[in-house]
Amino acid sequence: MSGGRSLPPRRRRGWSTDDLRHGNLLRILRHLRDHGPSSRNDIAAGCGLAMSTMTDLVGELRSRRLVHELRGVRRSGAGRPARPVAIDGEPWCALGIEVDLLGIEFLGTTVGGRELWSASVPAPLLHSSPEAGWALLRDALAEQLRRVPAGSRLVAVQVALPGYVATEPGTVGWSAGLGWDRLELADRLTAELAAEGVSPVAVAVAHHCHLAGLHAVRVELELPLPHVAVYLGGLREVGGAVVVDGSVFGGAQGGAGDIGHTNVDPHGPGCPCGRHGCLESLVGLTTLLARSGVVPAEDAEALVTADPKAALGALLAAADAADPQVRAVLAEAGDFLGAALDDLVGTVNPNVVLLGGYLGVLQRYLLEPVQARLAQRTSVSSFAGTQLVALGDLTPRVVAGAALAARDACLADPLTLTSVLSDEAG
Ligand SMILES: [Zn+2]
């Protein structure tokens with residue numbers, strides 16, 4: 001997860017048996033997160049732990065209601081039924097927040113992933129100043145805190161927004177759409193939550209496409225968890241994410257995955273970022289609408305800002321009606337997209353490239369030229385196994401990804417964020 005306002009460092013004095021124990025707890029939680037309910041034998045083998053150690057650690061996690069035992073599964077020929085261990089997390093609440101240009105989405109879940117509530121709050125955030133935007137977010141969050149169920153405690157909050165976020169300490173570096181620049185969002189949220197009595201809590205902020213990519217790879221991709229996956233999607237803009245072993249790879253300062261602003265054509269059209277010929281300026285939804293003549297060029301940007309799904313629907317309908325200009329524009333867009341992906345596949349060598357957002361919706365017009373562009377690359381054995389997968393629907397991927405990242409944050413720091421609730425012996 002990128003853009004984190006980290007809690008006080010757990011330990012900086014050197015290696016101790018507590019560190020070892022903490023590391024082993026994380027391995028067990030990670031194993032259960034990635035493999036689902038597992039027998040104690042499988043956990044011990046998967047985490048490289050002795051059974052006696054593992055039993056003690058599972059007892060600790062049970063006492064914090066982070067794991068529980070499912071009902072026994074009787075195997076043929078076996079005596080005692082096996083009781084798989086699974087993530088529990090019922091008393092702990094994780095909150096995903098998507099700050100969009102026109103409103104704020106909230107999704108509260110248990111740390112185990114059961115949905116508790118969701119809400120859409122309209123808010124005029126487009127080109128808001130940092131202070132005006134902060135006030136809108138703060139007030140909306142205060143309302144949502146009342147919805148945390150009695151008996152549940154909020155332990156992690158993840159914000160997604162359309163902008164660059166520096167990893168430490170969770171500062172929004174620049175968001176053109178929101179008009180925010182150098183806003184110490186994670187620190188402010190942490191202080192606001194503390195004032196509301198929510199502490200300790202893990203707070204993090206990340207680019208919205210990072211979280212969309214996390215959800216796409218972890219939840220939507222119908223393949224075993226890939227070692228390296230690259231996600232490319234977005235709705236009003238082209239954004240991306242690199243997901244390694246089920247976590248977002250942020251790079252040195254949280255900026256990794258900025259695929260929309262790769263240089264595809266130095267003589268190409270101007271991009272909102274200030275460069276020329278970025279992938280965004282060549283295949284962004286506004287460009288596609290304007291160039292295909294589906295709406296007058298001067299209206300394209302306003303339509304994409306106000307109602308990107310309607311803009312995409314108009315483009316798709318024109319393509320499905322075999323409008324030759326639209327088809328030609330999409331074929332060319334697929335070629336540009338393929339060029340950017342070709343470089344990316346060569347640089348990162350992912351197992352999977354996932355297209356989501358509007359690129360996934362337009363897949364039947366984009367995949368063929370993309371695959372043609374990738375053919376040279378994938379003819380080399382190192383790249384031959386790269387799978388190209390498109391997600392065709394527009395699920396609320398960003399807010400769901402934010403909630404998923406908030407759950408991960410709790411599983412990554414269980415001893416700080418949760419407390420012992422019972423005397424489970426394991
Ligand atoms: Zn650009």
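This is a predicted model: local features need pLDDT of at least 70, side-chain atom pairs count only at pLDDT 80 or more; totals for chains, interfaces and linings use all residues.

Two packed helices are described by the angle between their axes and the distance between the axes. The way α1 passes α2 is a right-handed crossing. Who's touching whom? On the α1 side you've got R27, I28, H31 and L32, and on the α2 side D42, I43, G46 and C47. Sort the residues of that contact and you get four nonpolar, two polar and two charged.

Now another pair: helix α4, residues 130-145, with helix α5, residues 185-195. Their axes cross at roughly 35° and come within 11 Å. That crossing is right-handed. From α4, the residues include W134, L137 and L141, and they meet a set in α5 that includes L185, L189 and L193. In this contact there are seven nonpolar residues, no polar ones and four charged.

Okay, on to strands. Find β5, residues 103-110. Why do I call β5 largely enclosed by the rest of the structure? Because seven of its eight residues are buried.

What are the partners of β5? On one hand there's β4, residues 92-99, which pairs with β5 in the antiparallel sense over seven bridges. If you want a spot to look at, V99 stands opposite I104 in β5. A hairpin of three residues links β4 to β5. Then there's β6, residues 115-122, running antiparallel to β5, with seven bridges joining the two. Here G103 has P122 in β6 as its bridge partner. β5 and β6 make a hairpin too, with four residues between them, and G113 in that turn has a positive phi of about 105°.

Last stop, a sheet. Five strands form an open sheet, in the order β14-β13-β12-β15-β16, and the pairing is mixed. β14 (247-248) and β16 (387-390) are at the edges with a single partner strand each, so one side of each has no neighbour in the sheet. The partner to look at for β16 is β15, residues 352-355: four bridges join them, and they run parallel. There, L355 stands opposite A390 in β16. And helix α6, residues 208-220, packs on this sheet, touching β12, β13, β14 and β15, with its direction at about 50° to that of β13.

Notes. Residues are numbered from 1 along each chain as its sequence is written. Side-chain values use heavy atoms; hydrogens and water are left out. A crossing is left-handed if the near helix is turned anticlockwise from the far one by less than a right angle, and right-handed if clockwise. Contact means heavy atoms within 4.5 Å. Ala, Val, Leu, Ile, Met, Phe, Trp, Tyr, Cys and Pro count as nonpolar, Asp, Glu, Lys and Arg as charged, and the others, Gly among them, as polar. Buried means under 20% relative accessible area, exposed over 50%, partly exposed in between (1.4 Å probe, protein chains only). Two strands pair if DSSP finds at least two bridges between them. Axes are lines fitted to C-alpha atoms, for helices over the stretch in contact, and angles run from 0 to 180 degrees between N-to-C directions.
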